[in-house]
Amino acid sequence: MKWLLPVVQLLLAGAAVAGPGDALRSCYDSKNLPAAGKPATELFVAIDQTTPLDTSLKQLVADNVKPFLAPGNAFSVVTFSAYTQGRYTEVIASGALDKLLQPGQRDDISKPMLSKFDQCTTRQAQQAAQLMGKALRSAFDNTSSDIAKSDVVASIKAISAMVQQSPTQNKVVLIVSDMLENSSVANFYADQGRAVRKIDSIKEMRTIEENQMLADFGGARVYVIGAGLLAADGQKSKTYRDPKTMQALAGFWASYMQKSKAQLVEFGQPALLNRIH
């Protein structure tokens, strides 16, 4: 991932990084500074470890995540796959970047304190990039198409609880997954996992509701990268997914998100056509 090259250099230099689930150290930890305030935007990156990506899709994830590592934003990286095989939903990194001081606020603060604050926010941005880069590499390196089951719906429901509890008004969720459920609740595969099944989205949604699998995203905007990917794609096969099959899959997830208090902005099949915002 191109933008991660400076991150590798930071790792080699031994820069301090918060551990998984830890917030970045705030630069507002002085009595002479105003309160930090809550983040304006929070990005949640949920990566399905049953969906291996090629290099271009990994780069697409990185390119879409990078703009969110900005002052005043928070982020979390979550991995998920199959409960039945010990691959649980797990937060592997999270942090919040402080808002910058406004010109009027800077006028009331001493120059030494301002210099210390500015150095801190610069260092914080570097650490956030390093933390995100390390998390993405770890998530991608541990993906495998050999995992027999894929609890996509249950995992997304679990992740939605964290999203719903975020104090930010602007919640953005990037789901990196084939979005193909393969569990005791439903199976979106055909031909023993070698093809995508043309589902009846209304029937599948009824099953999801009967099993109480709807989520609550608290009004988040949701984007998907990787929809419809199959294990055979990594072997450069010519597996065909007809438009009607993919339309049915997209329709199911659009309905699911709507019923789960979220807006499915774009369903990448497998790539996004627009940047997330």
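Colleague: Which side chain does Ser177 join in a polar contact?

Modeller: The side chain of Asp48, at 2.9 Å. A polar contact here is a pair of N or O atoms within 3.5 Å, one able to donate a hydrogen and the other to accept it; residues adjacent in sequence count only if both atoms are side-chain atoms. Bear in mind that this is a predicted model, where local features need pLDDT of at least 70, side-chain atom pairs count only at pLDDT 80 or more, and totals for chains, interfaces and linings use all residues. Numbering runs from 1 along each chain as its sequence is written, and side-chain values use heavy atoms, without hydrogens and water.

Colleague: Where is Ser177 placed?

Modeller: In the loop between strand S4 (170–176) and strand S5 (189–190); strands are DSSP E runs of at least two residues, helices H or I runs of at least four, numbered from the N terminus.

Colleague: Buried or exposed?

Modeller: Ser177 is buried, at 0% relative accessible area. Buried means under 20%, exposed over 50% and partly exposed in between, using a 1.4 Å probe and protein chains only.

Colleague: Switching topic, which residues touch the most other members of the largest nonpolar core?

Modeller: Trp253 and Met257, out of 40 residues. Such a core is a set of buried Ala, Val, Leu, Ile, Met, Phe, Trp, Tyr and Cys residues joined through side-chain atoms within 4.5 Å.

Colleague: And which element gives the most to this core?

Modeller: H7, with eight residues.

Colleague: How much of the chain counts as buried?

Modeller: 48% of its 277 residues.
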